[in-house]
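Subject: Structure handover

Hello,

Here is the structure I promised to pass on. Please open it first, then read my notes below.

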Amino acid sequence: MGFGHSHTHDHHGPGQAGAGRARLAIACGITIGIVLAQFLGAWLTGSLALLTDAVHSLTDSIGLLVALTAASLMFRAATTTRTWGWRRVEILAGFLQAALLLGIGIYALIEGVQRLGLFGSGHSPDIAPELLLIFGAIGLAGNIASLAVLARGRRENFNMRAAFLEVAADALGSLGVIIAAVVLWTTGWAQADAVAALLIACLIIPRAARLLQETSRVLLDFTPAGLDLEEVRRHMLALEHVEEVHDLHASMIATGLPVLSAHVVVDEACFTAGCAPQKLAELRACVAEHFDIAVEHSTFQLETRSIADQETHVHS
């Protein structure tokens, strides 16, 4: 026996969702333009900082594409072959983004250290500061435009908030490129580009590592961070008629979508007295209301002790 729940999580109407999609599409288009300009600038100037920021912008543009896709698919119903729809696409894309961003961040860190000559003779290519300033300004202007587009809807949902924060982080990278160009232009210190690249790398590496860890936990079906299953078990065992809880599993399907399942052994009286539906309602309320991670998608199998003893594969 179990309770079913609707798989629709968006609480905004189609009109509001359509406005959110339009904002994401505009921001995505601007960010892709920034990426192309920054890669061109990195090729023309040989700037490590601009190259690092270009890859940073590339991952952010992918993130915006994922956000746009999620916003477009959120009203699509689940099917028999895709029971959760396309919800986990964002996790897979996030994992790939994090891996790419981490690799580029480490490369920029190593190359920046080599250019500074901290472990040997440094080497810095000749960089035209005026070109670096122009492309840095293009990047920052595009980021500011994207922020202006996304600002109005950033509180609509987590999807929009994440997109806004991604562009904000990229704006910091563009600002670093501009500062490096100004320092290089005014002082002639060639290592300014390497310093800016190191700062951008230090900005993106922790973020990439954290995202890689979070997405890996979801893909490996780990228990959602912040949810203590032993505490959940204790709460369930405290309910009247509940004798044992086993095969207790919890995982995260996608952002904001935790799920939980369990086999719950109840006494015979729960079935003979007809209180099983009430017990299911109590179990559902227990996991949905009593913990920091609210689990609205829960599946419970109520069984007697004799049924539980016949199970051949029982997990704690």
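H3 and H6 are roughly antiparallel to each other, because an angle over 145 degrees counts as such. Helix H3 covers residues 89-116 and helix H6 residues 192-219. They pack at about 150 degrees, and their axes are 7 Å apart. Axes are lines fitted to C-alpha atoms over the stretch in contact, and angles run from 0 to 180 degrees between N-to-C directions. The H3 and H6 crossing is left-handed (the near helix is turned anticlockwise from the far one by less than a right angle).

A word on the source. This is a predicted model: local features need pLDDT of at least 70, side-chain atom pairs count only at pLDDT 80 or more, and totals for chains, interfaces and linings use all residues. Residues are numbered from 1 along each chain as its sequence is written, and side-chain values use heavy atoms, without hydrogens and water.

Now the overall make-up. The protein has 10 helices and three strands (DSSP runs, H or I of at least four residues and E of at least two, numbered from the N terminus). From the N terminus the order is α-α-α-α-α-α-α-β-β-α-α-β-α. Of its 316 residues, 42% count as buried (under 20% relative accessible area, with a 1.4 Å probe and protein chains only).

Last, the surface. Leu 40, Trp 43, Leu 44, Leu 131, Ile 134 and Ile 138 make a nonpolar patch of about 600 Å². Helix H1 (14-45) and helix H4 (129-151) each supply at least two of the patch residues. Trp 43 lies in H1. Trp 43 is exposed, at 68% relative accessible area (exposed means over 50%).

Best wishes

Notes:
Patch = residues over 30% accessible without salt bridge, like charges linked within 9 Å, V, L, I, M, F, W, Y side chains within 5 Å. Areas by Shrake-Rupley, 256 points an atom, 1.4 Å probe, with all protein chains shown as cover. Salt bridge = Lys/Arg side-chain N within 4 Å of Asp/Glu carboxyl O. Parallel < 35°, antiparallel > 145°, perpendicular 65-115°, else oblique.
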